[in-house]
Amino acid sequence: MNKSRRNFLVQLGSAALFGAGTAAGIHSLTATSAFGATPTGSPGIPKGTRWGMFVDMARCEAGCSDCITACHTKHNVPDFGNPKDEIKWIWKDSYAKVFPTGSQQFLAQQLADKPVLSLCNHCANPPCVKVCPTQATFKRADGIVEMDFHRCIGCRFCMAACPYGSRSFNWRNPREFLKQVDAEYPTREIGVVEKCNFCSERIGTGRQPACVETCKTQALVFGNLYDKNSEIREKLRTRVTFQRKPELGTEPSVFYAFEAGHV
Amino acid sequence: MFDKALSGGRAYWLWLAFLSVIIALGISGYLRQLEYGLGITGMGRDISWGVYIAQFTFFVGVAASAVMLVLPYYLHDYKKFGRIVVLGEFLAVASVIMCLLFVMADMGKPMRVLNVLLYFTPHSIVPYDIMVLNGYLVLNIVCGWVTLEAERTEVPPPAWVKPLIYLSIPWAVSIHTVTAFLYAGMPGRDLWLTAILAPRFLASAFAAGPALLILLTFLLKRLTGFDSGREAVQKLTTIVLYASLLNFFFVGMEFFTAFYSSIPEHEHSLTYLFFGLEGKSALRPYMWISMVAGVSAIVILLFPRGRNNDRWLMLACALIFLSLWIDKGIGLVIGGFIPNPMGTVVEYTPSVTELTIAGGIWAIGALILTVLYKIAVTIKTQAA
């Protein structure tokens, strides 16, 4: 009697645990893989890969634009010389612009003055992917939000949907505005959308993204958010970080730290 | 039946020739846009949809408003609409064609547009909008044409068309609801992120569409002597009045929610549109013209002396149409992009080429409407 009662309680306890685990699993499923699934394993952190970036604004130098130049050169991003037609994959803007819904009053100098890097967040729940009518923009199994320039119809729905202004459109023929062409990455035609691709063409061959590789102060760390032993997870564990507009539920894969960390 | 469109007076042919010139200009503008890219328009990185998508949105509403004739006539057996129900259906046909053309004009890669069907994407709203718009176009062509043909040959309409007519009623609601969903589901675009966007779209549609129809009935009477009937026009006037009241009620709700809650993102677009933001206020005069025109029209229509007088009625309908054309055909779409996601105010002015192309599409709509109305009026006048 006692034994069976004990067994019953044990079973009940494990059932409750199982139930909670399942609930957590379902939550992570709906939260991270509503559109373009990420392989989900045990509750909590899914298995597999989700590429992410850690941006250490304490290390990033205000006057430096090496990462921007490297990215735009390697990806054949044209310079039209006017803001209306501008195409940009990575750029710098003030904290107030990059974090418009963040805390704004009585800002510390290091936030108020310093230009902050802005790029595609490769959201786990990307609104651009949701609205694209042709899957020309899609989320890969490794979390990268990728573009197919040959499928894009140029409806620019993704530009309306992106809450970070990370997408650019080829309003004019980009090839006429390239000073040089890097053969490693395709040039684009009139009428398609483009954006940062986390250097999918480079990480596929085991290299780091161009911006990360170029940064001389190691302000950028790129890695697998689902690998708890990765350098990026180490940074996220030890530093206070922020995602852009977290209230929208897009779950950006780019994390910012503003205060200097312990070495 | 189409032969009726091929015989007309001097004014008829001059009008068609005039429209053809505007269309030709629009086509030449479009060819320039194809060559240069959409950069030839006023659109840019921050305001990535402009006149084309705004006009598309407005004319979806005009198209949907045909239901305001179809529903009372077929569902409530309101016989007085018998003479004009086909005018509503043909207005819907011309409007939907304009919508489709405006969307095509906005595509960066128009030759790839069928990718939407080839790679059907259930989580995007666009394929559904394409389906409901094209379906609505076919429904109105078939229903309008078949009932008119029956009238010409003096036989009752075939039984199979009845279910299609009934289907067109919820279908009209669906086109504007799905069109609202294009906007209302995007995080971070707070002017559009509102549950009453679809109801507001429908209210403005049922005001602007019938207002245009009333003006068209007066025009037809003057040009062809075709009388739509006083009671039918009065009924339409009632519809315009209540739909306008609902529309402005909804606008007021948007203002209350944004400004009483004082949440900055909810306030910003409305502040920009009506008061200006960061010293920029290009759309402010238009929004106030829209507001004053709309409210004046409602005041005119509220008083029997206003709505029962042809001149006042025409003025009120023109004001309502203008008001909602500005509100939905300019303010709503452009305003959604201001400020941009970084909180910066970047303004938009359409280019000459852009307006030429839009003008061409309006002219195509007017041409289709003229031809269809010519056929309808000729048949109805002969039958009577």
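This is a predicted model: local features need pLDDT of at least 70, side-chain atom pairs count only at pLDDT 80 or more; totals for chains, interfaces and linings use all residues.

1. The pairing of H8(B) and H9(B). Helix H8 of chain B spans residues 197–224, and helix H9 of chain B spans residues 230–261. Their axes lie 8 Å apart, and the packing angle is about 150°. Because angles over 145 degrees count as roughly antiparallel, H8(B) is described as roughly antiparallel to H9(B). The two helices cross in a left-handed sense.

2. The residues between H8(B) and H9(B). On the H8(B) side, the contributors include B:Pro199, B:Arg200, B:Ala203, B:Phe206, B:Pro210, B:Leu213 and B:Thr217. From H9(B), the residues in contact include B:Val233, B:Leu236, B:Thr237, B:Val240, B:Ser244, B:Asn247 and B:Phe250. Sorted by class, this contact comprises 15 nonpolar, five polar and one charged residues.

3. The pairing of H10(B) and H13(B). Helix H10 of chain B covers residues 264–274, and helix H13 of chain B covers residues 310–336. The axes of these helices come within 10 Å and cross at roughly 135°. H10(B) is therefore oblique to H13(B). The crossing of H10(B) with H13(B) is right-handed.

4. The residues between H10(B) and H13(B). H10(B) contributes B:Ser269, B:Tyr272 and B:Leu273, which meet B:Gly331, B:Gly335 and B:Gly336 of H13(B). By class, the contact holds two nonpolar and four polar residues, with no charged residues.

Terms used
Residues are numbered from 1 along each chain as its sequence is written. Chains are lettered from A and ligands numbered from 1 in the order in which they are written. Axes are lines fitted to C-alpha atoms, for helices over the stretch in contact, and angles run from 0 to 180 degrees between N-to-C directions. Helices (H or I, at least four residues) and strands (E, at least two) are DSSP runs, numbered from the N terminus. Angles under 35 degrees count as roughly parallel, over 145 as roughly antiparallel, 65 to 115 as roughly perpendicular and the rest as oblique. A crossing is left-handed if the near helix is turned anticlockwise from the far one by less than a right angle, and right-handed if clockwise. Two residues are in contact if their C-beta atoms, placed from the backbone, lie within 7 Å. Ala, Val, Leu, Ile, Met, Phe, Trp, Tyr, Cys and Pro count as nonpolar, Asp, Glu, Lys and Arg as charged, and the others, Gly among them, as polar.
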